[in-house]
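Subject: Structure handover

Hello,

Here is the structure for you to look through. My notes follow below it.

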Amino acid sequence: MTEKSEESVPLLSLQQESVAYVLFNVNQNDNSERRRHDNCERRRNDNPESETNGQPQNSTQQVVEQEEEDEELTLKYGAKHVIMLFVPVTLCMVVVVATIKSVSFYTRKDGQLIYTPFTEDTETVGQRALNSILNATIMISVIIVMTILLVVLYKYRCYKVIHGWLIISSLLLLFFFSFIYLGEVFKTYNVAMDYITLALMIWNFGVVGMICIHWKGPLRLQQAYLIMISALMALVFIKYLPEWTAWLILAVISVYDLVAVLCPKGPLRMLVETAQERNETLFPALVYSSTMIWLVNMAEEDPEAQRKAPKSSAYDKQAAENQTQNEDADTDDGGFNQEWEQQRDNRIGPLDSTPESRAVVQALPSNSQDSEDPEERGVKLGLGDFIFYSVLVGKASATASGDWNTTLACFVAILIGLCLTLLLLAIFKKALPALPISITFGLVFYFATDNLVQPFMDQLAFHQFYI
Amino acid sequence: MTLAVFWGCTCIAFGPALGLCLVTVLRHPLRVIILVAGAFFWLVSLLLSSLVWFIAVKASDPGNKPLQKGLLIFGVLFSVLLQEAFRFLYYKLLRKAIEGLVALSEDGCSPISIQQMAYVAGLGFGLMSGAFSMINLLADALGPGTVGIHGDSQLYFLTSAFMTMVVIFLHTFWGILFFHGCETQRWWEMAAVVLTHLIVSGSTFWNPLYVGSLIPSYLLMFAMAAWAYVLSGGCTRNLLQRLQGQQSETSPQPGS
């Protein structure tokens with residue numbers, strides 16, 4: 001592929017991901033709203049938390065008794081799920097920093113993206129500043145245009161176009177960018193490799209990735225693939241964005257995120273509201289999901305469907321149940337055929353499962369289910385967030401004079417920003433952008449550590465003083 | 001410098017602390033958050049103290065070596081005071097957090113006690129402090145070079161690693177002591193923490209006379225350890241019993 005198309009590809013996926021990073025908060029919002037509605041025992045067919053691996057599924061209903069328990073669930077939900085996000089964000093950053101430190105390809109200047117046409121190798125500082133501002137402006141306007149295009153496509157239900165777009169960009173990431181990455185890693189470590197083995201490896205990696213991300217697969221594998229493609233994307237940005245442009249873009253995109261999600265006419269907010277109106281999930285392949293959920297069947301559907309056991313940790317069985325529930329609830333028995341039912345009746349006597357009896361059973365304190373449900377509800381974070389966090393930390397490790405201190409400081413700052421974002425989410429219970437706080441902290445700590453802390457620590461290390 | 005030096009120094013400096021982390025902190029989500037937040041608070045204190053030092057340096061004559069050294073010493077002492085101030089602020093924050101956790105819990109008690117928070121917060125401070133002191137050194141240890149070729153001490157990496165380890169432990173114990181002092185309104189415990197921190201940092205001014213810095217620091221560390229152990233409810237009888245492998249149900253271990 002030519003350089004040009006390689007340069008134009010990243011933005012396609014960025015577009016989707018820049019939308020996706022709000023999903024986390026939307027889903028949280030839906031989730032907490034759903035819990036509130038549960039309190040009133042109103043059925044609400046809501047999807048985000050019930051989606052796994054890109055398959056939209058039916059609603060899950062939890063029986064949540066009181067408001068206090070709801071709030072306790074909110075906080076319990078908080079600590080564990082913060083860690084569920086810390087781990088993948090840390091892994092992504094570790095992959096990016098390790099690559100930047102070892103593979104010199106990603107720190108070598110080999111030109112710039114077409115979206116940042118102005119060079120930063122200028123004579124004066126003023127010219128450099130101007131060029132970087134222009135670059136950032138062009139990049140952000142491209143992003144805004146693409147986001148609006150996406151919203152328009154979504155509003156007018158051009159799903160095929162969107163899905164095609166997604167599939168093309170993930171194909172490019174999984175095959176082409178990973179091919180380049182692997183090639184550079186081999187060059188760095190001087191590993192001899194033939195094309196046949198390489199083709200086999202890339203083919204397998206790519207196909208399994210497409211299946212996991214767009215269809216079904218083990219959760220951990222899907223998470224690993226999402227982390228890997230976020231890292232690949234971040235590496236491309238780190239390579240092709242010049243320094244000042246990169247910092248400016250990071251700053252502006254967090255402002256844009258804030259505006260787009262919180263303003264009433266912001267494109268992301270409109271996107272999210274449209275999705276909520278239609279009770280659909282948004283772009284399943286672009287959201288990192290920390291857990292699968294299982295379905296708890298509730299009353300009002302036919303008895304056959306309801307005798308299905310709620311415990312199903314295997315994703316496929318779950319999806320099968322769900323799909324059959326969607327399609328043909330009457331004839332579906334979820335695998336519990338007549339023979340099984342006869343056996344069960346022989347062993348424990350005929351069951352008469354009425355709505356009342358089910359309600360009584362469900363009202364019984366069920367510790368395992370209650371404690372598992374909030375965990376199983378999971379948490380999601382858009383891939384765009386992963387990418388920009390990793391770009392920040394990667395740029396810090398690539399260009400800072402403070403080196404590891406700066407990288408570590410940015411890392412801690414981003415984690416704390418993420419923690420605060422989640423806390424704000426738990427308090428305000430409305431859609432919040434995940435970028436601004438982390439990126440602000442990251443930028444502040446980058447510049448402060450690089451310019452202020454590093455000279456201090458240098459002097460301290462020189463004299464071997466300890467603070 | 002060799003890979004052996006790198007791994008050796010890493011394990012000396014961070015081994016015990018990471019072991020503590022692995023066993024007591026990493027399996028509990030809330031403690032991990034408190035650890036990272038503690039690291040963040042230490043970082044902010046370092047930032048502010050570096051800012052002050054930087055301004056002082058920029059305002060002074062860069063050629064005047066004794067003045068620069070004096071400014072550095074001032075920077076160190078100011079940084080110590082600021083770290084303890086931020087430890088106090090962190091204590092305030094954690095107190096509020098405990099009240100919030102209690103309000104939101106089912107049975108009216110918090111899932112984590114203030115003593116556990118003190119331990120984790122101290123560990124967070126210590127890990128970040130140790131990381132900032134040691135990581136660039138470790139990265140340099142992987143590269144080419146000879147230690148002390150210009151006449152400086154050849155034990156630079158080793159003593160740095162040992163000093164880092166003792167600083168991490170000291171921060172942990174200081175955390176326990178400081179929070180206990182805040183909880184029970186014993187100002188002299190907090191003053192003792194600040195004083196010993198100043199002493200330890202001050203003793204590093206003797207470097208490269210490592211006898212003057214390492215030995216006092218280790219002695220102080222053992223003293224702080226014993227004090228923290230006693231404050232957390234341990235006593236020598238239980239310690240002996242534990243060493244002999246017997247069960248003792250009355251005393252909790254520090255940090256558990």
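Start with Gln222(A): at 2% relative accessibility it is buried, because the cut-off for that class is under 20%. Gln222(A) sits in helix H7 of chain A, residues 219-240. From Gln222(A) to Leu250(A) the sequence separation is 28 residues, and the C-alpha atoms are 27 Å apart. Keep in mind that this is a predicted model.

Leu250(A) comes up again beside Ser254(A). The side chain of Ser254(A) has a polar atom 3.0 Å from the backbone oxygen of Leu250(A). A polar atom of that side chain also lies 3.0 Å from the backbone oxygen of Ala251(A). Ser254(A) belongs to helix H8 of chain A, residues 243-262. Its relative accessible area is 6%, so Ser254(A) is buried. Leaving aside residues up to four places away in sequence, Ser254(A) touches Leu435(A), Pro436(A) and Ile439(A).

Chain A overall

Chain A has 17 helices and two strands. Of its 467 residues, 55% are buried. Take the contacts in chain A with a separation of 6 or more: 78% of them join residues 24 or more positions apart.

The A-B interface

How much area is buried between chain A and chain B? The figure is about 3800 Å², and carbon and sulfur atoms give 77% of it. In chain A, the residues that lose the most area to chain B are Gln464(A), Tyr466(A) and Ile467(A), together 23% of what that side buries. The contact involves 40 residues from chain A and 48 residues from chain B.

There are zero salt bridges between the two chains. Polar contacts do occur, with eight residue pairs between chain A and chain B, both partners at pLDDT 80 or more. On the chain A side, the elements giving two or more residues are helix H3 (67-102), helix H16 (404-428) and helix H17 (436-463). H17(A) supplies the largest share, 16 residues. By class, that side has 27 nonpolar, eight polar and five charged residues.

Ile467(A) can be followed across to chain B. Ser79(B) touches Ile467(A) and Ser49(B), not counting residues up to four places away in sequence. Ser79(B) lies in helix H3 of chain B, residues 65-104. With a relative accessible area of 0%, Ser79(B) is buried.

Salt bridges

Over all chains, the whole structure holds nine salt bridges.

- Glu84(B) and Arg87(B): the closest N and O atoms are 2.9 Å apart. The two are three residues apart in helix H3 of chain B, so about one helical turn separates them. Glu84(B) is buried at 3% relative accessible area, and Arg87(B) is buried at 2%.
- Arg95(B) and Glu183(B): the closest N and O atoms are 2.7 Å apart. This pair links distant parts of the chain, 88 residues apart, with Arg95(B) in helix H3 and Glu183(B) in helix H5 (residues 156-183) of chain B. Arg95(B) is partly exposed at 26%, and Glu183(B) is partly exposed at 30%.
- Asp110(A) and Arg108(A): the closest N and O atoms are 3.8 Å apart. Asp110(A) is partly exposed at 32%, and Arg108(A) is partly exposed at 41%. Arg108(A), Asp110(A) and Lys239(A) are linked in a network of salt bridges.

Best wishes

Terms used. Residues numbered from 1 in each chain as written. Chains lettered and ligands numbered in written order. Predicted model: local features only at pLDDT ≥ 70, side-chain atom pairs only at ≥ 80, totals over all residues. Heavy atoms only, no water. Helix = DSSP H or I, 4+ residues; strand = E, 2+ residues; numbered from the N terminus. Buried < 20%, exposed > 50% of the residue type's maximum accessible area, 1.4 Å probe, protein only. Contact = heavy atoms within 4.5 Å. Buried area = accessible area lost by both parts, 1.4 Å probe. Salt bridge = Lys/Arg side-chain N within 4 Å of Asp/Glu carboxyl O. Polar contact = N/O pair within 3.5 Å; in protein donor to acceptor, adjacent residues only side chain to side chain. Nonpolar A, V, L, I, M, F, W, Y, C, P; charged D, E, K, R; others polar.
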